[in-house]
Amino acid sequence: MTDQQALAARFEEDRRHLRAVAYRLLGSVHDADDAVQTAWLKVSKRGIDEVGNPTAWFTTVTAHECLDRLRERTRRGEVLGGDDLLPEAVSPAADEQVTMAESVGRALLVVLDRLSPAQRVALVLHDAFAVPFDDIATLLDRTPTAAKKLASRAREQIRGTEPSAVRPTAEHLDLARTFLAASQQGDLEALLEILHPDVLRRVDRVLVGGRVPTELRGAQEFVEESKMFASVAQSGEVAVLDGVAGIVIAPAGRLKSVLRLDIRDGRIHVIDIIGDPVRLAAVRITLAD
C-alpha cells in the first residue's frame with residue numbers, strides 16, 4: 001500500500017464523523033458531502049506525516065471549509081439550512097436529508113441557522129463534538145476566551161436563557177406537544193379537547209390558496225380543516241416562538257412556517273400561522289427543551 005493509499009484509507013475511517021460535523025455546520029447533506037470531499041483534497045496534498053492526531057486534523061480542515069461556506073452564504077444573504085426539497089421528493093438524497101434533519105432535530109437546525117458563522121462553529125464543534133476551545137480559537141482566529149464567549153452566547157440564543165428572555169410554562173409546552181401529536185395523527189377528538197370552542201386561526205396568504213380564508217373561527221371548523229394539513233404537520237416540532245409555545249414547520253430542517261399558539265386557561269385560543277418571509281424572519285425562535 002502506498003502512502004497516498006494509506007492516507008485515503010485513514011481518511012475513510014473518519015468520513016462518517018466528518019460528514020456529521022459538516023452536516024451540523026451546513027444543514028445540508030449535499031453541502032456536507034461537498035465540504036468533506038474538498039477537505040480530503042486539501043488533506044491529500046499535505047499529508048499527515050507530522051500530524052499527531054489525524055482525526056482532529058481532518059475535523060479542523062473540514063470545519064474550516066464549512067466556516068468559509070457559511071461566511072460566503074452570509075455575504076450573499078442566503079438562508080442557511082437544508083436543501084430545497086419538494087414535498088413529493090422521494091430520491092435517496094431527499095430521504096437522507098429528512099433522516100439527517102430528524103436525527104439532529106428540526107428546531108435545532110432552524111435555530112442554528114440564525115447564529116453567526118463563528119457562533120455556529122464554536123457551539124457545534126465544542127458541544128456536539130468536544131473539540132477543545134484552544135483548537136476552535138485557532139480555527140476562528142480568536143483567543144480561547146473569545147471562542148468560549150461565542151459558544152456561550154450561542155447557547156443563550158438557542159435555549160432562550162438570556163436574563164431578559166421570556167419562556168412559556170411547562171404546561172403550555174406540553175399543550176403544544178399534544179396539539180402537534182394530535183395534528184400529525186389526525187386525532188380530531190384530542191384536538192377538540194385542547195382548543196377553545198371559539199378558537200381563531202390566522203394564516204398568511206402566502207401559505208394557502210385563494211380558496212382558504214386567512215381567518216377561521218371555531219374549534220370544529222379548525223378540526224375539519226386540519227385534515228387537509230396532516231402531512232404538513234409531520235414536519236413540525238415544538239419550539240418557543242417570541243417567548244410563547246409554538247411549532248416550527250421545517251421539512252428537512254428548512255424553516256417554512258411557524259404556528260404561534262395563544263394559550264389561556266388550559267386551552268388554545270389563537271393559532272397564528274406565519275409563513276410570510278418578512279414576518280418569519282422577525283420571529284425569535286428558541287428550543288423548547
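These are some numbered notes on the structure above, from the whole chain down to single residues.

1. **Ground rules.** What you have here is a predicted model, where local features need pLDDT of at least 70, side-chain atom pairs count only at pLDDT 80 or more, and totals for chains, interfaces and linings use all residues. Residues are numbered from 1 along each chain as its sequence is written, and side-chain values use heavy atoms, with hydrogens and water left out.

2. **The whole chain.** Start by counting: the chain has 13 helices and seven strands. Both kinds of element are DSSP runs numbered from the N terminus, helices being H or I with at least four residues and strands being E with at least two. Taken along the principal axes, the C-alpha atoms fill a box of roughly 70 × 45 × 30 Å. Of the 289 residues, 47% are buried; that word means under 20% relative accessible area, while exposed means over 50% and partly exposed is in between (1.4 Å probe, protein chains only). Now take the contacts with a separation of 6 or more: 63% of them join residues 24 or more positions apart. A contact here means heavy atoms within 4.5 Å.

3. **The sheet.** Look for an open sheet of seven strands, in the order E2-E1-E6-E5-E4-E3-E7 and with mixed pairing. Two strands pair if DSSP finds at least two bridges between them. Strand E2 (215-217) and strand E7 (285-287) are the edges, each pairing on one side only. On average, neighbouring strands of the sheet are turned by 30 degrees against each other, direction ignored.

4. **Strand E1 and its two partners.** With E6, strand E1 pairs in the parallel sense over five bridges, but with E2 the sense is antiparallel, over three bridges. Leu 200 lets you follow both pairings: its bridge partner in E6 is Val 270, and its bridge partner in E2 is Arg 217.

5. **Strand E5 and its two partners.** E4 (residues 244-249) and E5 (residues 257-264) run antiparallel and are joined by four bridges. Gly 246 has Arg 260 as its bridge partner in E5, and Ile 247 has Leu 259.

6. **H1 against H2.** Two packed helices are described by the angle between their axes and the distance between the axes. For H1 (residues 3-26) and H2, the axes come within 8 Å and cross at roughly 145 degrees. Axes are lines fitted to C-alpha atoms, for helices over the stretch in contact, and angles run from 0 to 180 degrees between N-to-C directions. The residues making this contact include Leu 7, Phe 11 and Leu 18 of H1 and Val 36, Trp 40 and Val 43 of H2. By type, the contact residues divide into 14 nonpolar, three polar and four charged. Nonpolar covers Ala, Val, Leu, Ile, Met, Phe, Trp, Tyr, Cys and Pro; charged covers Asp, Glu, Lys and Arg; the others, Gly among them, are polar.

7. **Two residues of H2.** Ser 44 lies in helix H2 (residues 29-46). Is Ser 44 buried or exposed? It counts as buried because its relative accessibility is 17%. Its side chain reaches the backbone oxygen of Leu 41 at 2.8 Å. Leaving aside neighbours within four places in sequence, Ser 44 is in contact with Gln 4 and Leu 7. Thr 38, also found in helix H2, touches Glu 65 and Arg 69, not counting residues up to four places away in sequence. With the side chain of Arg 69, the side chain of Thr 38 makes a polar contact (3.3 Å). A polar contact is a pair of N or O atoms within 3.5 Å; within protein, one must be able to donate a hydrogen and the other to accept it, and residues adjacent in sequence count only if both atoms are side-chain atoms.

8. **A loop residue.** Leu 115 sits in the loop between helix H5 (106-113) and helix H6 (117-129). With a relative accessible area of 5%, Leu 115 is buried.
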